[in-house]
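Please look at the sequence and the structure below. The report that follows describes how parts of the chain pack together and where some residues sit.

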Amino acid sequence: MNDAPTRIYVDADACPVKDEIYRVALRHGVPVSVVAGNFIRVPQDPLIERIAAGAGMDAADDWIAERARHGDVVVTSDIPLASRCVKAGAEVIAPNGKPFTEESIGMTLAVRNLMTDLRSAGEVTGGPRSFAPRDRSAFLSALDQTLRRIQRRRADQAATSQG
């Protein structure tokens, strides 16, 4: 685990749980980087920074992937970005509360690529289900549990290195 404080990176352009992220982050005292292609409104708080990564196709994704490390949390529904961040050691959570892990990301990426290929071949695949109130609740719980787990690991490592 690195010595830098935990940070939450938000892939913000289409994120439906930004307000929930702010609430949990402020409760835990964790800084948040809200990353979008262009300007996005964020609360006026020293723990919350707005990043306009630029209009390039993957500018926001690249900005996040270059910075996310072990001990950080990334919130995204973008599967290729999730894969990059999981490989960098970050904890990654989708807005519906589903964690992306080393164990699950390979299959998730393969299914995403298959669906992309089917759509490009003219198949009607229906797309993802719509965001529901239970997804918001699951996300809040997953983010809170993830931050607590990271804080426990850091405390355990600090105790071990002093002991």
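In this predicted model, helix α1 (residues 18–28) packs with helix α5 (residues 133–162) at an angle of about 25 degrees, and their axes are 10 Å apart. The angle is under 35 degrees, so α1 is roughly parallel to α5. The crossing of α1 past α5 is right-handed. On the α1 side, the contact is made by Glu20, Ile21, Arg23, Val24, Arg27 and His28. On the α5 side, the residues are Arg136, Phe139, Leu140, Leu143, Asp144, Leu147, Arg148 and Gln151. Sorted by class, this contact of α1 with α5 has six nonpolar, two polar and six charged residues.

The spacing of such residues along a helix can be read with one general rule. An α-helix has 3.6 residues a turn, so residues three or four places apart point the same way.

Two residues from this contact can be followed further. Is Glu20 buried or exposed? Glu20, found in helix α1, is buried, with a relative accessible area of 8%. Burial here means a value under 20%. Setting aside neighbours within four places in sequence, Glu20 is in contact with Arg136, Phe139 and Leu140.

Arg148 belongs to helix α5. With a relative accessibility of 41%, Arg148 counts as partly exposed. Arg148 and His28 are 120 residues apart along the chain, while their C-alpha atoms are separated by 8.6 Å.

A second pair of helices is α2 (residues 59–67) and α3 (residues 79–87), whose axes come within 9 Å and cross at roughly 15 degrees. α2 and α3 are therefore roughly parallel to each other. Their crossing is right-handed. In this contact, Asp61, Asp62, Ile64 and Ala65 of α2 meet Leu81, Arg84 and Cys85 of α3. By class, four of the residues are nonpolar, none are polar and three are charged.

Which residues of α2 are buried? They are Ala59, Ala60, Asp61, Trp63, Ile64 and Ala65.

The next topic is cysteines. How many disulfides does the structure hold? The structure holds zero disulfides. In general terms, a disulfide is a covalent bond between the sulfur atoms of two cysteines. Cys15 is buried, with a relative accessible area of 7%. Cys85, from the contact of α2 with α3, also counts as buried, at 0% relative accessibility.

Several other residues lie at some distance along the chain from a partner.

| Pair | Apart along the chain | C-alpha separation |
|---|---|---|
| Arg148 and His28 | 120 residues | 8.6 Å |
| Arg153 and Gly71 | 82 residues | 9.1 Å |
| Asn38 and Ala12 | 26 residues | 10.0 Å |
| Glu102 and Glu91 | 11 residues | 9.8 Å |

Arg153 is placed in helix α5. At 29% relative accessibility, Arg153 counts as partly exposed. Asn38 is in the loop between β2 and β3. What is the relative accessible area of Asn38? The value is 51%, and Asn38 is exposed. The cut-off for exposed is over 50%. Apart from neighbours within four places in sequence, Asn38 is in contact with Ala52 and Ala55. Glu102 lies in helix α4 (residues 102–120). Glu102 is exposed, with a relative accessible area of 63%.

Last comes the chain as a whole. The protein chain has five helices and six strands. Starting from the N terminus, the order of elements is β-α-β-β-α-β-α-β-β-α-α. Of the 163 residues in the protein chain, 40% are buried. Among contacts between residues at least 6 apart in sequence, 51% join residues at least 24 apart.

Technical notes: Residues are numbered from 1 along each chain as its sequence is written. This is a predicted model: local features need pLDDT of at least 70, side-chain atom pairs count only at pLDDT 80 or more; totals for chains, interfaces and linings use all residues. Side-chain values use heavy atoms; hydrogens and water are left out. A disulfide is a pair of cysteine sulfur atoms within 2.5 Å. Buried means under 20% relative accessible area, exposed over 50%, partly exposed in between (1.4 Å probe, protein chains only). Axes are lines fitted to C-alpha atoms, for helices over the stretch in contact, and angles run from 0 to 180 degrees between N-to-C directions. Helices (H or I, at least four residues) and strands (E, at least two) are DSSP runs, numbered from the N terminus. Angles under 35 degrees count as roughly parallel, over 145 as roughly antiparallel, 65 to 115 as roughly perpendicular and the rest as oblique. A crossing is left-handed if the near helix is turned anticlockwise from the far one by less than a right angle, and right-handed if clockwise. Contact means heavy atoms within 4.5 Å. Ala, Val, Leu, Ile, Met, Phe, Trp, Tyr, Cys and Pro count as nonpolar, Asp, Glu, Lys and Arg as charged, and the others, Gly among them, as polar.
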